[in-house]
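I opened this model to look up two things, and I note here what I found for each.

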Amino acid sequence: MRLKIAVFASGKGSNLKAIIDAIEDGGLGATIVCVVSNNPDAYALTIAREHGLEVFALSHKGLSREDHESKILDYLSKLEVDFVVLAGYMRVLTGHFLKAFKDPSGFFRVTNIHPALLPAFKGGNGYEDAFNYGVKLSGITIHLVDEEVDHGPILAQRAFPRLADDTLESFRARGLALEHSLYPEVLAGIVNVGVEAMLVKNGACSPAAGSK
Ligand code: GRF
């Protein structure tokens with residue numbers, strides 16, 4: 001069975017494109033049932049339309065957080081979405097939204113990609129914040145979403161070094177290239193082995209993790 005995903009994106013959509021490419025190449029057994037954005041001008045929507053995907057664009061402006069989320073949930077309710085995949089979605093989802101995707105195992109069926117090694121450099125500017133801090137090593141994180149911002153069980157991380165001659169642009173480009181390979185890989189893991197097996201492999205689910 002193919003995993004039915006809804007990809008949420010607010011900006012350029014390069015991660016959306018990487019996921020579309022992986023599906024079209026046959027390396028990811030998922031179907032994008034819709035692309036959702038809070039930014040009607042997002043280039044991600046152009047990419048989605050070019051690939052014949054259904055889009056739902058609804059600005060959050062003038063709506064309460066709950067009303068905005070409710071309208072998206074109404075739309076999604078017709079589509080039997082297995083997983084929500086956040087790919088540069090610049091809104092924090094509240095428990096009101098998340099509870100619609102609660103898995104019987106207790107986690108929310110919502111993933112996010114963050115441009116730093118969580119729990120470091122949370123927030124909307126991971127690459128800038130890590131670069132400006134002067135880190136020698138940074139990375140990217142893909143995690144399950146919970147009610148806290150940039151928080152939840154980690155599914156995968158990749159690190160990359162800051163090079164001596166890096167600019168913010170070259171640093172970001174190196175991170176983005178990793179994002180584009182890791183997100184499809186993690187989604188393929190969800191399809192092939194399931195979230196719980198991935199978390200157990202990481203040690204995140206083990207009650208003994210962190211204790212002696
Ligand atoms: C990525 O760096 C992602 O980690 C962050 O937002 C950015 C989205 O880029 N959450 P794009 O829209 O996929 O190109």
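**Around the ligand**

I listed the shell of the ligand first: Gly-11, Lys-12, Gly-13, Ser-14, Asn-15, Gly-88, Ile-113, His-114, Pro-115, Tyr-127, Leu-176 and Glu-179 surround the ligand, each with a heavy atom within 4 Å of it. The model is predicted, so I kept in mind that local features need pLDDT of at least 70 and side-chain atom pairs pLDDT 80 or more, while totals for chains, interfaces and linings use all residues. Residues are numbered from 1 along each chain as its sequence is written, and side-chain values use heavy atoms, without hydrogens and water.

I then looked up which elements contribute, and α1 (14-24), β5 and α6 (168-192) each supply at least two residues of this shell; helices (H or I, at least four residues) and strands (E, at least two) are DSSP runs, numbered from the N terminus.

**Arg-109**

I found Arg-109 in the loop between α4 (95-98) and β5 (110-114). Arg-109 counts as buried because its relative accessibility is 18%, and buried means under 20% relative accessible area (1.4 Å probe, protein chains only). A polar atom of the Arg-109 side chain lies 2.5 Å from the backbone oxygen of Asp-82.

Methods: Buried means under 20% relative accessible area, exposed over 50%, partly exposed in between (1.4 Å probe, protein chains only). A polar contact is a pair of N or O atoms within 3.5 Å; within protein, one must be able to donate a hydrogen and the other to accept it, and residues adjacent in sequence count only if both atoms are side-chain atoms.
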